[in-house]
Amino acid sequence: MKYKAIKFSRSNQAEFISDLRKRVKEHFETNKISVYGNATMVTKTIVMFLLYFAPYALMLTGVITNTWILLLMWAIMGIGMSGIGLAVMHDANHGAYSKNKHVNKYMGYVMNVIGASAFNWKVQHNVLHHSFTNIEGMDEDIDPGKLMRLSPHAPLLKVHKLQHIYGWFLYGLMTFLWLTTKDFKQLYR
């Protein structure tokens with residue numbers, strides 16, 4: 001990905017941010033929704049932790065030794081890992097998991113327990129992604145390579161007609177990309 005030099009206009013930035021915050025606040029108040037997690041969030045957290053740690057414990061203790069069942073356990077752990085990252089840690093690092101900032105802090109560190117780096121994630125997501133959300137050539141989250149097209153500005157290839165079929169599999173392999181190259185490139189950037 002080639003990075004462009006981008007400058008944002010500061011002429012109406014304060015007005016835009018003020019208006020955006022006002023509209024978001026109105027949305028939550030009008031719909032009587034808390035900006036923080038509720039019982040559903042806690043239930044989701046428990047389920048995702050169980051999906052990750054129960055198979056791990058069963059494999060580690062030798063309760064499961066059959067190769068096919070081990071593969072199934074790894075797949076279940078992958079679902080749990082995704083849920084922990086996308087639904088628990090993400091919301092906690094945005095301060096939305098709980099009203100208590102310490103709960104948010106520690107739930108954000110859960111990333112370290114499942115084999116990733118909370119520090120790298122915060123830099124990648126809060127700095128690199130949110131500074132340039134969905135801007136082609138700047139936001140790595142919309143540029144997974146030539147086999148996937150997540151932006152209308154990316155070149156359209158014939159293979160993209162089938163990405164709704166193979167994309168799920170490739171997206172699951174992105175963890176390997178993060179472990180081998182992405183985190184290092186982002187730290188350098």
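## Where α3 meets α4

Helix α3 passes helix α4 in a left-handed crossing. A crossing is left-handed if the near helix is turned anticlockwise from the far one by less than a right angle, and right-handed if clockwise. This is a predicted model: local features need pLDDT of at least 70, side-chain atom pairs count only at pLDDT 80 or more, and totals for chains, interfaces and linings use all residues. Residues are numbered from 1 along each chain as its sequence is written, and side-chain values use heavy atoms, with hydrogens and water left out.

The axes of α3 and α4 come within 8 Å and cross at roughly 135 degrees. That angle makes α3 oblique to α4. Angles under 35 degrees count as roughly parallel, over 145 as roughly antiparallel, 65 to 115 as roughly perpendicular, and the rest as oblique. From α3, the contact takes V88, M89, A92 and N93. From α4, it takes N104, M107 and G108. Contact means heavy atoms within 4.5 Å. The residues of this contact divide into four nonpolar, three polar and no charged. Here Ala, Val, Leu, Ile, Met, Phe, Trp, Tyr, Cys and Pro count as nonpolar, Asp, Glu, Lys and Arg as charged, and the others, Gly among them, as polar.

Two packed helices are described by the angle between their axes and the distance between the axes. Axes are lines fitted to C-alpha atoms, for helices over the stretch in contact, and angles run from 0 to 180 degrees between N-to-C directions. Helices (H or I, at least four residues) and strands (E, at least two) are DSSP runs, numbered from the N terminus.

Helix α2 spans residues 39-60, and α3 spans residues 67-93. Their axes come within 8 Å and cross at roughly 150 degrees. The crossing of α2 past α3 is left-handed. The contact of α2 with α3 holds 19 nonpolar residues, three polar and two charged.

Helix α6 covers residues 118-131. The axes of α3 and α6 come within 11 Å and cross at roughly 75 degrees. The two helices are therefore roughly perpendicular to each other. On the α3 side, M89, H90 and N93 take part. They meet W121, K122, H125 and N126 of α6. The residues of this contact divide into two nonpolar, four polar and one charged.

## The loop between α1 and α2

Helix α1 runs over 13-30, and N31 lies in the loop between α1 and α2. N31 counts as partly exposed, at 42% relative accessibility. Buried means under 20% relative accessible area, exposed over 50%, and partly exposed in between (1.4 Å probe, protein chains only). The N31 side chain reaches the backbone oxygen of H27 at 2.9 Å. This is a polar contact: a pair of N or O atoms within 3.5 Å, where, within protein, one must be able to donate a hydrogen and the other to accept it, and residues adjacent in sequence count only if both atoms are side-chain atoms.

K32 is found in the loop between α1 and α2. K32 is exposed, with a relative accessible area of 76%. Its phi is near 50 degrees, a positive value in a residue other than glycine.

## S98, between α3 and α4

S98 sits in the loop between α3 and α4, the latter spanning 101-108. S98 is buried, with a relative accessible area of 16%. Its side chain reaches the backbone nitrogen of N100 at 3.0 Å. Leaving aside neighbours within four places in sequence, S98 is in contact with Y36, V103 and N104. The C-alpha atoms of S98 and K44 are separated by 14 Å, with the two residues 54 apart along the chain.

## From α6 to α7

N134 lies in the loop between α6 and α7. N134 is not a glycine, yet has a positive phi of about 60 degrees.

H160 also belongs to the loop between α6 and α7. H160 is buried, with a relative accessible area of 9%. A polar atom of its side chain lies 2.9 Å from the backbone oxygen of K146. Neighbours within four places in sequence aside, H160 is in contact with K146, L147, M148, R149, P155 and Y166.

Q163 lies in helix α7, residues 163-188. Q163 is buried, with a relative accessible area of 17%. The Q163 side chain reaches the backbone nitrogen of R149 at 2.7 Å. Not counting residues up to four places away in sequence, Q163 touches L147, M148 and R149.
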